[in-house]
Amino acid sequence: MTVSVCMGIYNGEKYIEEQLDSILRQTRRAEEVILCDDCSTDRTVEIVRLFIERNGLQESWRLYCNGENRGYPGNFYYVMGLCAGDVVFLADQDDVWAETKLERMCAVLEEHPEAEVLACKFGLMDGEGERIHAVMAPSRSLGTRKLRQVGLREIFRKYQWPGMVLAYRNGWYRERGMGICGQESPGPCGEYGSRSHEDVGQCGEERNRSCEDAGPCGEYGSRSREDAGHRGEYGSQSREDAGHRGEYGSRSHEDAGQCGEDRSGPCGNGGLEFRVPHDIFLCAMAAEEGAFFHMDEELAHHRRHDSNTAAEEHRVGKLLQRERKLWEIEKYLRMLGEFEERRVLRTEAGKRILREKTRAMEGRYEALQSGRIWQVLRAAARDWRQVRAVAVVCDLMIVRGGRE
């Protein structure tokens, strides 16, 4: 079983080296680590390049630089398409892995061939690396190491599997998922470390720049950081605006074209981008097939800070803000709509669960907008299988407090 680690990166200079070090120190090394920078404007590219050179990793670690910004989901789908390992581990730039993460999860996948996607549990830490003990923390390990199957209804009811805890079988993804997000499978790219200059150019890597400009077939190294840092920049956008550019539903497809995103790449589909986050996309497809499993073992720490791309939140005070909650539901509904539009789910049971979840979220949204406690309770009673009790309590507190 060969292993690829893939990471989409953007403006991650503050934390990325710690994560790279945790990947390097794994007790089971990956055959390849693929990173793709999405037009960072800070020192991210320079830090990664120097890390690779300093540790002599040029044969197995590769860094690519997009000529134009793809956005958070698009960049991840793109780099996933570059991975050649039997199993692919997703990594975020600001987290930290336990040293045994690859070893433990590979062992479970070897033992359970029925698992197409596998997740571990994770802890939370803040921007300073201190562990977060929060009431609303999404994942807690009991230390049992037990494996359990996760169904599709649970995926939509309470999503708690960010990409950084996931490993998936590459053959399954290429057969099941790449066509849905508009990718055409590039196929095997040759043995690790032995791809030729011509081969690389045919494997879905960045073709928007010449090899003279981009270095060897999109790999960073032949240009200075100053030159690299100006490709596809956001211009006058603030950090807050830029940080949300890759979130699902944050901009229309027409608006997306104004921010330098590449709509003709492997995740473009006739100009219509696939904006469903890669983690829930993988988990939902596998769960529908009975092939998503979750191991009760904490093997990573997810860092929560003010610049998280997906804007996750565990602080009760933030979660009880009405406008934020409405924004979250709007974004979730658009994602569910794309699940239906792209026909991600194949079975009648899966499609029914999707419809039920959509109806429940629409009811929840209307109840919050109404500001009436009785409407929140009525919606919760009608859709009790789709909505968690803690979500109902939060909605009641929002409505009762009238918080904006």
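Modeller: Helices are DSSP runs of H or I with at least four residues, strands are DSSP runs of E with at least two, and both are numbered from the N terminus. Trp-327 lies in one such run, helix α14 (residues 322-341). The model is predicted, so local features need pLDDT of at least 70 and side-chain atom pairs count only at pLDDT 80 or more, while totals for chains, interfaces and linings use all residues. Residues are numbered from 1 along each chain as its sequence is written, and side-chain values use heavy atoms, with hydrogens and water left out.

Colleague: Why does Trp-327 count as partly exposed?

Modeller: Buried means under 20% relative accessible area and exposed means over 50%, with partly exposed in between (1.4 Å probe, protein chains only). Trp-327 has 28% relative accessibility and therefore counts as partly exposed.

Colleague: What makes Val-3 count as buried?

Modeller: Val-3 has 0% relative accessibility, so this residue counts as buried. Val-3 is found in strand β1 (residues 3-9), and its C-alpha is separated by 5.9 Å from that of Asp-86, 83 residues away along the chain. Of the 404 residues of the protein chain, 56% count as buried.

Colleague: Why is α15 called roughly antiparallel to α16?

Modeller: Axes are lines fitted to C-alpha atoms, for helices over the stretch in contact, and angles run from 0 to 180 degrees between N-to-C directions. Angles under 35 degrees count as roughly parallel, over 145 as roughly antiparallel, 65 to 115 as roughly perpendicular and the rest as oblique. The axes of α15 (residues 348-370) and α16 (residues 373-382) come within 8 Å and cross at roughly 170°. That angle makes α15 roughly antiparallel to α16.

Colleague: Which residues of α15 and α16 meet?

Modeller: Contact means heavy atoms within 4.5 Å. Arg-359, Gly-363, Glu-366, Ala-367 and Ser-370 in α15 meet Gln-375, Val-376, Ala-379 and Arg-382 in α16.

Colleague: What makes a set of residues a nonpolar core?

Modeller: Such a core is a set of buried Ala, Val, Leu, Ile, Met, Phe, Trp, Tyr and Cys residues joined through side-chain atoms within 4.5 Å. The largest has 101 residues, and Phe-339 is among those with the most contacts inside it. Helix α12 (residues 278-288) gives the most to this core, with eight residues. A second, separate core has five residues, including Ala-380 and Val-387.
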